[in-house]
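Hi everyone, thanks for coming. I'd like to walk you through one structure today, so please have a look at the screen while I talk.

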Amino acid sequence: MALRNPIPSTYAVAPARVEDLDEIARIERESFLVPWKKEFFAAELDEPYRYARVLVGGRDSEPRVGGYLFAVSLYEEFHINKIATDPRLRNLGHGRRLLEDALSRARSVGATAVTLEVRLSNLPAREFYRSYGFREAYRRKSYYQDGEDAYAMVLALEGS
Ligand SMILES: CC(C)(COP(=O)(O)OP(=O)(O)OC[C@H]1O[C@@H](n2cnc3c(N)ncnc32)[C@H](O)[C@@H]1OP(=O)(O)O)[C@@H](O)C(=O)NCCC(=O)NCCS
């Protein structure tokens with residue numbers, strides 16, 4: 001899917017590196033009720049079958065890291081563990097750039113489905129995923145530490 005609202009951006013999608021971890025952890029704390037610790041992200045950089053990307057760039061007062069996406073290839077499944085953009089940069093198309101890069105990778109490694117979990121209350125993210133054709137496949141009861149349920153969302157890739 002092409003960007004629906006392409007905007008000029010100084011950010012580029014790049015492999016996540018150790019020097020990005022402090023900024024990733026900051027965005028994570030500002031984005032999630034129960035954030036992953038920096039060490040979780042660091043461990044992902046060393047594991048096989050992982051896909052870890054950041055948006056890097058920014059000008060003037062913009063942050064150097066604008067967002068990130070971490071995923072894992074599990075046989076035919078490409079599972080997105082984390083996606084977030086800096087709260088100051090939301091609704092500018094940055095999340096779409098990250099997700100579209102990940103979907104492109106999922107296709108190139110031959111995945112037949114892209115999967116993820118999302119909080120029921122996270123309406124912006126649910127809408128974001130739906131706009132790509134993700135379906136709410138089933139509900140996971142009390143999936144999160146605070147007891148909230150998740151929807152498992154699935155995108156079947158074309159040609160699968
Ligand atoms: C989900 C997230 C990554 C999207 O990033 P973003 O940079 O804002 O995304 P984009 O600007 O590229 O896309 C915006 C799309 O998100 C959806 N969206 C965003 N805010 C929305 C809102 N308040 N209500 C409904 N849909 C919304 C829409 O589909 C919108 O597309 P549109 O502008 O064409 O209508 C971002 O909101 C985020 O980091 N949230 C906090 C972390 C999080 O919840 N991650 C997902 C966990 S499963």
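Two notes before we begin. Residues are numbered from 1 along each chain as its sequence is written. This is a predicted model, so to speak of local features we need pLDDT of at least 70, side-chain atom pairs count only at pLDDT 80 or more, and totals for chains, interfaces and linings use all residues.

When I say helix or strand, I mean a DSSP run, H or I with at least four residues for helices and E with at least two for strands, numbered from the N terminus. Buried means that 20 or more other C-beta atoms lie within 10 Å of a residue's own; exposed means 12 or fewer, partly exposed is in between, and the C-beta atoms are placed from the backbone.

Let's start with helix α1, residues 21-31. Which of its residues are buried? They are Leu21, Ile24 and Ile27. These cover an arc of only 125° around the axis, and that puts them on the same side of α1. The arc is taken from the directions from the helix axis to the C-beta atoms. On the face turned away from the buried side, α1 carries exposed Asp22, Arg29 and Glu30. The cover over the buried residues of α1 includes α2 (38-46), β2 (50-56), β3 (65-74) and β4 (77-85).

Now the core. A nonpolar core is a set of buried Ala, Val, Leu, Ile, Met, Phe, Trp, Tyr and Cys residues joined through C-beta atoms within 7 Å. The largest one has 34 residues, and Ile24, Tyr68, Leu69 and Ala102 touch the most other members. At least two residues of this core come from each of α1, β2, β3, β4, α3 (94-108), β5 (113-119) and β7 (150-156).

Let's zoom in on Val54, which sits in strand β2. Why does Val54 count as buried? Because it has 25 C-beta neighbours inside 10 Å. Contact here means C-beta atoms, placed from the backbone, within 7 Å. Leaving aside neighbours within four places in sequence, the contacts of Val54 include Ala14, Ile24 and Tyr68.

On to the strands, where pairing requires that DSSP finds at least two bridges. β3 and β4 are antiparallel over eight bridges, and Val72 stands opposite His79 in β4. Their hairpin has two residues between the strands, and Tyr75 there takes a positive phi near 55°. β4 and β5, by contrast, run parallel and are joined by three bridges, with Thr115 in β5 as the bridge partner of His79. β5 then pairs with β7 in the antiparallel sense over seven bridges.

Last stop, the ligand. Of the 22 residues around it, Arg90, Gly95, Arg96, Pro124 and Glu127 come nearest; a residue is near if its C-beta atom, placed from the backbone, lies within 6 Å. Which element gives the most to this shell? That is α4, with five residues.

Technical notes: Contact = placed C-beta atoms within 7 Å.
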